[in-house]
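Me: I'd like to walk through this model with you, one question at a time. Could you begin with a term we will need, and then take my questions as they come?

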Amino acid sequence: MTETQAAPSAEAPEGIPGDEYEAFRAVERQLGVLFRRSRALSAEMGREVHPELEPGAYGILVRIDEAAPARPSDLAAYFGVGKGTISRQLKVLDELGLIGRQPDPLDGRAHLLDLTPEGRARLLRARTARQRRFHALLGTWPQEDVRLLACMLERFNTLAESPALTGGPEESGRA
């Protein structure tokens, strides 16, 4: 059985019709495959940015680029990790010369993060490689299907970020 084939049927939990349950099980299986492949791709992209970059740091680098100037506490909340965890990752990014720190003009105790020119150039090269890879994977699909996939993923991500599913803003800072 491959990763994309259906696993043997299981009995639907009480209150969920069997055909509906099978559809949700199929989504669960495919998301599992997607998440595993996504982690592997992030690790690969991280190595393209810098050979010493840890897989988890690639996502932090991308987020800093999107949200710059970014506070470490905001990054910790965004990723749902503790401040110590984010600090360790930021230290590595800083030591590799990929990010820079500036004092926060609104809070003298804090600092703001942005990519260095070297970090920005390396991230751009990795993103370009990733975009070429997606084009190679999806290049045979009709453009409308590619757009539909993007739309459905955006819809899912928006739904998945809703406070009802994430536990609300009070849990976003948990490690």
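Reply: Happy to! Axes here are lines fitted to C-alpha atoms, for helices over the stretch in contact, and the angles between N-to-C directions run from 0 to 180 degrees. Keep in mind that this is a predicted model.

Me: Thanks. What is the order of the elements from the N terminus on?
Reply: The protein chain holds 7 helices and 2 strands. Read from the N terminus on, these elements run α-α-α-α-β-β-α-α-α.

Me: At roughly what angle do the axes of H1 and helix H2 cross?
Reply: Two packed helices are described by the angle between their axes and the distance between the axes. For H1 and H2 (residues 55-67), the axes come within 8 Å, and the crossing angle is roughly 75°. An angle of 65 to 115 degrees counts as roughly perpendicular, so H1 is roughly perpendicular to H2.

Me: Which residues of H2 make that contact with H1?
Reply: On the H1 side, the contact is made by Ser42, Ala43, Met45, Gly46 and Val49. Their partners on H2 are Pro55, Tyr58 and Leu61.

Me: Which residues of H2 are buried?
Reply: Several elements take part here: the cover over the buried residues of H2 includes H1, H3, H4, S1, strand S2 (107-115) and H5. Buried means under 20% relative accessible area. In H2 the buried residues are Ala57, Tyr58, Ile60, Leu61, Val62 and Ile64.

Me: Is arginine 127 buried or exposed?
Reply: Arginine 127 sits in helix H5 (residues 117-138). Leaving aside neighbours within four places in sequence, arginine 127 is in contact with Tyr58, Val62, Asp65 and Glu66. Its relative accessible area is 19%, and the cut-off for buried is under 20%. Arginine 127 is therefore buried.

Me: Which residues are linked with Arg127 in a network of salt bridges?
Reply: By the rule used here, the count comes to 11 salt bridges. One network of salt bridges links Arg127 with Asp65, Asp114 and Arg120.

Me: Why are glutamate 66 and arginine 63 separated by about one helical turn?
Reply: The side chains of glutamate 66 and arginine 63 meet in a salt bridge, at 3.4 Å from N to O. Glutamate 66 is partly exposed at 49% relative accessible area, and arginine 63 is partly exposed at 24%. The separation is about one helical turn because the two lie in helix H2 and are 3 residues apart.

Me: What is the N to O distance in the salt bridge of glutamate 95 and lysine 91?
Reply: Both residues lie in helix H4 (residues 83-95), 4 residues apart, about one turn of the helix. Glutamate 95 has a relative accessibility of 58% and so counts as exposed. The N to O distance in its salt bridge with lysine 91 is 3.6 Å.

Me: Which residue meets arginine 101 in a salt bridge?
Reply: Arginine 101 is partly exposed, with a relative accessible area of 31%. The N to O distance is 3.5 Å, and the partner is aspartate 94.

Me: How many Å apart in space are glutamine 102 and leucine 113, C-alpha to C-alpha?
Reply: Glutamine 102 belongs to strand S1 (residues 99-104) and counts as exposed at 53% relative accessibility. Leaving aside neighbours within four places in sequence, glutamine 102 is in contact with His111 and Leu112. Glutamine 102 and leucine 113 are 11 residues apart in sequence, and their C-alpha to C-alpha distance is 6.5 Å.

Me: Where is the peptide bond that is cis?
Reply: Look at the loop between H2 and helix H3 (72-79), where proline 69 is found. The bond in question has omega near -5° and runs from alanine 68 to proline 69.

Me: Last one: which helix gives the largest share of the nonpolar patch?
Reply: Leu34, Phe35, Trp141, Leu149, Leu153 and Phe156 make a nonpolar surface patch of about 510 Å². The elements giving two or more residues to the patch are helix H1 (18-49) and helix H6 (143-160). Phenylalanine 156 is in helix H6 and is partly exposed, at 33% relative accessible area. The largest share, 3 residues, comes from H6.

Key
Residues numbered from 1 in each chain as written. Predicted model: local features only at pLDDT ≥ 70, side-chain atom pairs only at ≥ 80, totals over all residues. Heavy atoms only, no water. Patch = residues over 30% accessible without salt bridge, like charges linked within 9 Å, V, L, I, M, F, W, Y side chains within 5 Å. Areas by Shrake-Rupley, 256 points an atom, 1.4 Å probe, with all protein chains shown as cover. Salt bridge = Lys/Arg side-chain N within 4 Å of Asp/Glu carboxyl O. Buried < 20%, exposed > 50% of the residue type's maximum accessible area, 1.4 Å probe, protein only. Parallel < 35°, antiparallel > 145°, perpendicular 65-115°, else oblique. Contact = heavy atoms within 4.5 Å.
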